[in-house]
Amino acid sequence: MLTMVATEFTGYGGLKEEDRSKPIATAGRVLVRLTAAAINPLDYTILSGGHPRAKAPLILGNEGVGVIDQSNLPSYPAGSRVMFTGPYGAREDGTWQQYLLVRPEELCLIPESVDDVTAAAVTVGYLTAYLTLRQAKFERGKSVLAPAIGGSVGNATYQLAHALGASVVVSTAGSSEKAKKAQEAGFGNIIDLSREELSDGVRRLTDNAGVDVVIDSIGGAITSGSLSAMAMGGSLVSLGYSADRKTTIDVTDIIWKDLKVTGFSLFRATPAEIREAWDCILPLLVKGSIKPLIDRTFPLENAGEALRYLIEQRPFGKVILTIGR
């Protein structure tokens with residue numbers, strides 16, 4: 001079977017195509033024939049040597065979609081279409097291959113009306129969006145800032161918060177071009193960071209009230225700007241650092257406004273939490289209340305090119321690998 005392996009963590013050049021034997025299902029796992037897999041910034045972090053637990057050689061990719069090829073479980077018989085995520089592509093081989101052994105508790109059946117590429121664009125972004133909103137104690141009527149409208153988590157959080165009844169949802173674009181794309185795609189309340197400071201934009205869009213919840217998947221200056229733009233008693237969840245791992249904040253934002261700042265990793269989510277998230281997300285997806293943003297697809301053998309496109313071009317939407325037999 002075709003696999004794309006990070007033989008060493010030295011950047012794009014460390015990614016190689018390898019032919020390996022097809023696995024066989026075991027008592028604790030089912031065998032999935034993959035049809036699509038997503039590209040994430042985490043993949044580049046690992047490939048460039050920035051993840052402390054990952055060890056080469058390693059097949060990257062932590063979210064996938066496919067068809068169950070071998071299974072002894074009545075709840076997931078052979079032929080079932082499934083999507084999943086887990087510690088794949090970081091602590092063990094991931095989804096950038098044609099077949100993968102998957103733990104059944106990580107599987108979710110794909111609704112018939114949802115195609116494989118869309119399913120691949122849903123998994124990490126929307127699970128993260130739901131669980132971070134839950135962690136931030138979001139409820140109907142609260143206002144939300146979800147920076148990076150063109151990013152996976154930013155866009156998913158924007159759409160999900162809106163679908164769940166947020167009073168106002170605000171996001172950001174790093175350029176006027178992306179702000180225009182967001183507007184054309186139907187997204188409002190977008191702050192063009194090339195023209196306006198984040199905190200100024202939030203105050204303008206909330207009549208100086210600030211936001212109750214921030215889901216920060218960007219880090220760097222976005223973190224400090226978000227704290228400045230928050231309302232009294234607000235909650236910020238930090239889960240990414242694509243802009244920068246370091247930031248400078250004014251601690252009085254936290255002290256005077258009684259803000260809560262917590263961290264999040266999807267790897268720490270329990271199966272029960274994941275199931276709760278799917279129970280909320282899937283009906284909204286089928287109804288069309290949320291719609292994953294997809295920028296481009298690449299075949300599996302062009303995984304290196306796809307990853308470079310994600311990191312260097314910073315596209316508006318998800319980048320997906322399509323996987324044939």
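Modeller: Let us start with a cut-off: a residue counts as buried when its relative accessible area is under 20%, and as partly exposed when the value lies between that and 50%. Please keep in mind that this is a predicted model. Phe84 has 1% relative accessibility, so Phe84 counts as buried, and Tyr88, at 0%, therefore counts as buried too.

Biologist: How are the rings of Phe84 and Tyr88 arranged in their aromatic pair?

Modeller: Planes over 60 degrees apart count as edge-to-face. For Phe84 and Tyr88 the angle between the planes is 80°, with 5.6 Å from centre to centre, and the pair is edge-to-face.

Biologist: How many aromatic pairs does the structure hold?

Modeller: There are four aromatic pairs. One of them joins Tyr12 and Tyr44, whose rings are tilted, with 35° between the planes and 5.5 Å centre to centre. This pair links distant parts of the chain, since Tyr12 lies in the loop between β1 and β2 while Tyr44 belongs to helix α1, 32 residues apart. Tyr12 counts as buried because its relative accessibility is 16%, whereas Tyr44, at 28%, counts as partly exposed.

Biologist: At what angle do helices α2 and α3 pack?

Modeller: Helix α2 (residues 116–135) and helix α3 (residues 152–163) pack at about 60°, with their axes 8 Å apart, which means that α2 is oblique to α3. The residues making the contact include Gly125 and Tyr126 of α2 and Ser152 and Val153 of α3. The contact residues divide into eight nonpolar, six polar and no charged.

Methods. Residues numbered from 1 in each chain as written. Predicted model: local features only at pLDDT ≥ 70, side-chain atom pairs only at ≥ 80, totals over all residues. Heavy atoms only, no water. Axes fitted to C-alpha atoms, helices over the stretch in contact; angles between N-to-C directions. Helix = DSSP H or I, 4+ residues; strand = E, 2+ residues; numbered from the N terminus. Parallel < 35°, antiparallel > 145°, perpendicular 65-115°, else oblique. Contact = heavy atoms within 4.5 Å. Nonpolar A, V, L, I, M, F, W, Y, C, P; charged D, E, K, R; others polar. Phe/Tyr/Trp six-rings, centres within 6.5 Å; stacked < 30°, edge-to-face > 60°. Buried < 20%, exposed > 50% of the residue type's maximum accessible area, 1.4 Å probe, protein only.
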